[in-house]
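Dear colleague,

Please read the notes with the structure open beside them.

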Amino acid sequence: MADRDDLDFTYSLIDRIFRLSLGELADFSGAKYDGDFSLTLEQAQRRKHEYVAERIGIGPGRRVLDLGCGWGPLLAYVRERGGDGVGVTLSSAQAKACRRHGLEVHLQDAREVTAADFGNFDAVASLGAFEHFCSPEDHAAGRQEQVYRDLFGHIADLLPAGGRLYLQTMVYGRNMIPLEEVSIDAPRDSDGWYLALMSRQFPGSFLPYGQEQVVECADPRFRLLEGSSGRLDYLETIRQWRKRFGEPDLRKTLMKARLVPRYLTSSDFRLAFTSGVSANSICFERELMDHHRLVFEKRG
Ligand SMILES: C[S@@+](CC[C@H](N)C(=O)[O-])C[C@H]1O[C@@H](n2cnc3c(N)ncnc32)[C@H](O)[C@@H]1O
C-alpha cells in the first residue's frame, strides 16, 4: 500500500496549489462528461456526484463513508443533500483542509476501517483511491488479490445486506506491457518510460489488472450492478486540470518557488512534477491504463 509518506508526496505537497487552482473542496478524480465536452469541469464533477448519489443512495439521514476522500468534494455533496458523511484520507493536508470546512474526516487507513471506528454505514464510496491500496511490493509478493479481498470484506461488514458501494478506479488497460519493460531508463516516450513516470508520481501504488480483477475479488461479498469506462472522460478531466494548474497566479508562483529546494535535491520530485508531460494522459491514450466506474451491491 502507498503509505503516509507516499501520499503526502502525491497530495500534501500540492495542497495549496491544488486548492488555489481548482478551488476548496474540489474533486481530484475523473469527472463524468459522458462524452459531452461542452460541460465545464465543475458541471461534469457535479454530474458524477449526482450519478453516485442516485446509484448508492445519498440523501437525508443516510450515512455515507468515503474511503480516500481527498479534499472532501463528495462529503460536501452528501452534506448538501442532507446526509451524514464520514471520510478517511492518509494525506494530513487534505484532512486539515476538509476539517476547516466542517467535514468529518479522519487520518486513517481506508483499508482497515471497521464498525468499531465510526459505526455502520448505509453506503460506501471510493473514488480514485483504490489505485493506492496495493503496492508494487504487494504485487511482487503475490498479495494483490488478498489486499483487495480483505478490503471488500471490511467494506461489506460496514453495510447492510443490499447496501451499495461505488468504486471508481484506474486499472491497467488492454495494452499494458510486461512489468520488466517498465523503467525510467527505457527510451523517452516509450510505454515503459511513461509507466515508470506514473510510478514516480504515485509512489507505493500499483493498479489492478482490468476491472475483471476488481470484480472477481469483490465477488464473494458484492455483485456488480453496473460498470462503465471513464477513460475518455478522464482524458478531458486531465486537460482541464492542466489548464487550471497552468493559469498564472502570484500566490501559486510563490508557493512553487518554495518547492525549488525539493526540485534541486530530489530526482523523484523532478520526474513526478516537472517532467513537462502528462504521463496519465499518455497512458490513457495508449490504453496502457483504463478507468472504471463500478456500482456494487452487497450480497444478502
Ligand atoms: C486521487 S485522490 C481522490 C480523492 C477524492 N476521492 C476525489 O475524488 O477527489 C486519492 C485519495 O485517496 C487517499 N488514499 C489513498 N490510499 C489511502 C489509504 N490507504 N487510506 C486512506 N486514504 C487513502 C489519498 O489520501 C487521497 O485522498
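A disulfide is counted here as a pair of cysteine sulfur atoms within 2.5 Å. Please keep in mind that this is a predicted model, in which local features need pLDDT of at least 70 and side-chain atom pairs count only at pLDDT 80 or more, while totals for chains, interfaces and linings use all residues. Residues are numbered from 1 along each chain as its sequence is written, and side-chain values use heavy atoms, with hydrogens and water left out.

Searching the whole structure gives zero disulfides. The sulfur of cysteine 217 has its closest cysteine sulfur in cysteine 134, but at 9.7 Å this is too far for a bond. Cysteine 283 is likewise in no disulfide, since the nearest cysteine sulfur, again that of cysteine 134, is 17 Å away. Cysteine 283 is buried, with a relative accessible area of 0% (buried means under 20%, exposed over 50%, and partly exposed in between, with a 1.4 Å probe and protein chains only).

Turning to the aromatic rings, those of Phe, Tyr and Trp (its six-membered ring) pair if their centres lie within 6.5 Å, and planes under 30 degrees apart count as stacked, over 60 as edge-to-face and the rest as tilted. The count by this rule is 19 aromatic pairs. One of them joins tyrosine 33 and phenylalanine 37, whose centres are 5.4 Å apart with planes at 70 degrees, so the pair is edge-to-face; tyrosine 33 is buried, whereas phenylalanine 37 is partly exposed, at 37%.

With regards
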